[in-house]
Amino acid sequence: MTAAAENQSSPAVNTADLYDERGEELASVSLQFQSLGGHSHFSGPVRTIRCFQDNALVKSTLAGPGNGAVLVVDGGGSLGTALMGDMIAESAVANGWAGVVINGAVRDREAIARLELGVKALGSNPRKSAKAGAGEVDVDVQIADVTIRAGVMIWCDPDGILVER
Ligand SMILES: O=C([O-])CC(=O)C(=O)O
């Protein structure tokens with residue numbers, strides 16, 4: 001089975017139902033993201049990156065094995081450059097990532113919408129990011145009022161984002 005087919009076969013979790021089941025065991029990210037990928041519902045163990053207008057770490061991480069994980073990128077909320085475009089997103093699909101959550105911007109949103117990948121981001125900008133490699137991998141990241149640690153489970157759908165505390 002291809003990585004894309006595996007992603008598609010994982011059962012779609014509805015975040016509202018999950019919240020009703022587990023309540024305050026889960027933190028809900030109040031910042032409003034757009035659902036931009038071909039998969040509207042996605043979940044998996046978290047990997048993290050913190051970077052600012054530099055996407056070299058995003059590219060190299062998504063070029064490695066995803067094993068069904070969700071990459072959470074804390075781009076500091078910057079909408080000034082795109083941290084992922086369709087080529088990087090295609091490599092995420094090929095490498096078995098379930099999805100990417102970007103506290104920042106993407107580009108190539110029409111192509112990203114056709115991919116077998118979950119993608120949430122604040123918006124889009126055609127301007128590319130730097131490629132120097134500045135940033136950190138698998139550190140705790142803070143998105144709005146929620147701290148997200150590498151290794152916890154995350155669930156995303158059009159209603160929002162839930163993470164294990
Ligand atoms: O290379 C970049 O900065 C992002 C991009 O355009 C792509 O992933 O296609």
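**Figure 1. Leu122 in strand β6.** Leu122 belongs to strand β6, residues 118-124; strands (E, at least two residues) and helices (H or I, at least four) are DSSP runs numbered from the N terminus. The model is predicted: local features need pLDDT of at least 70, side-chain atom pairs count only at pLDDT 80 or more, and totals for chains, interfaces and linings use all residues. Residue numbers start from 1 along each chain as its sequence is written. Leu122 is partly exposed because 19 other C-beta atoms lie within 10 Å; a residue with 20 or more such neighbours is buried, one with 12 or fewer is exposed, and partly exposed lies in between, with C-beta atoms placed from the backbone. Residues up to four places away in sequence aside, Leu122 touches Phe33, Gln34, Gly77, Leu79, Asn103, Gly104 and Ala105, a contact being two C-beta atoms, placed from the backbone, within 7 Å. Leu79 is 43 residues from Leu122 along the chain, and their C-alpha atoms are 7.6 Å apart.

**Figure 2. The largest nonpolar core.** This core has 43 residues, among which Val73 and Val106 touch the most other members. Strand β4 provides the largest share of the core, seven residues. A nonpolar core is a set of buried Ala, Val, Leu, Ile, Met, Phe, Trp, Tyr and Cys residues joined through C-beta atoms within 7 Å. Beyond its neighbours within four places in sequence, Val106 contacts Leu36, Ala82, Leu83, Met84, Gly85, Ile112, Val119, Ala121 and Ser124.

**Figure 3. The shell around the ligand.** The residues around the ligand are Asn55, Ala82, Met84, Gly85, Asp86, Met87, Ile88, Arg107, Asp108, Lys128 and Ser129, each near it in that the C-beta atom, placed from the backbone, lies within 6 Å. Four are nonpolar, three polar and four charged; Ala, Val, Leu, Ile, Met, Phe, Trp, Tyr, Cys and Pro count as nonpolar, Asp, Glu, Lys and Arg as charged, and the others, Gly among them, as polar. Both β4 (70-84) and α4 (86-94) supply at least two residues, and α4 gives the most, with three.

Figure 4. Helix α2 (residues 15-22) lies largely in the open because zero of its eight residues are buried.

**Figure 5. Confidence and residues 1-9.** The protein has a mean pLDDT (the predictor's confidence in each residue, from 0 to 100) of 94, and 93% of its residues reach 70 or more. Residues 1-9 have pLDDT below 50, and this stretch makes 12 contacts in the model beyond near neighbours in sequence. Where pLDDT is low, the predicted coordinates should not be read in detail. For the complex, the predictor gives an ipTM of 0.95 and a pTM of 0.93.
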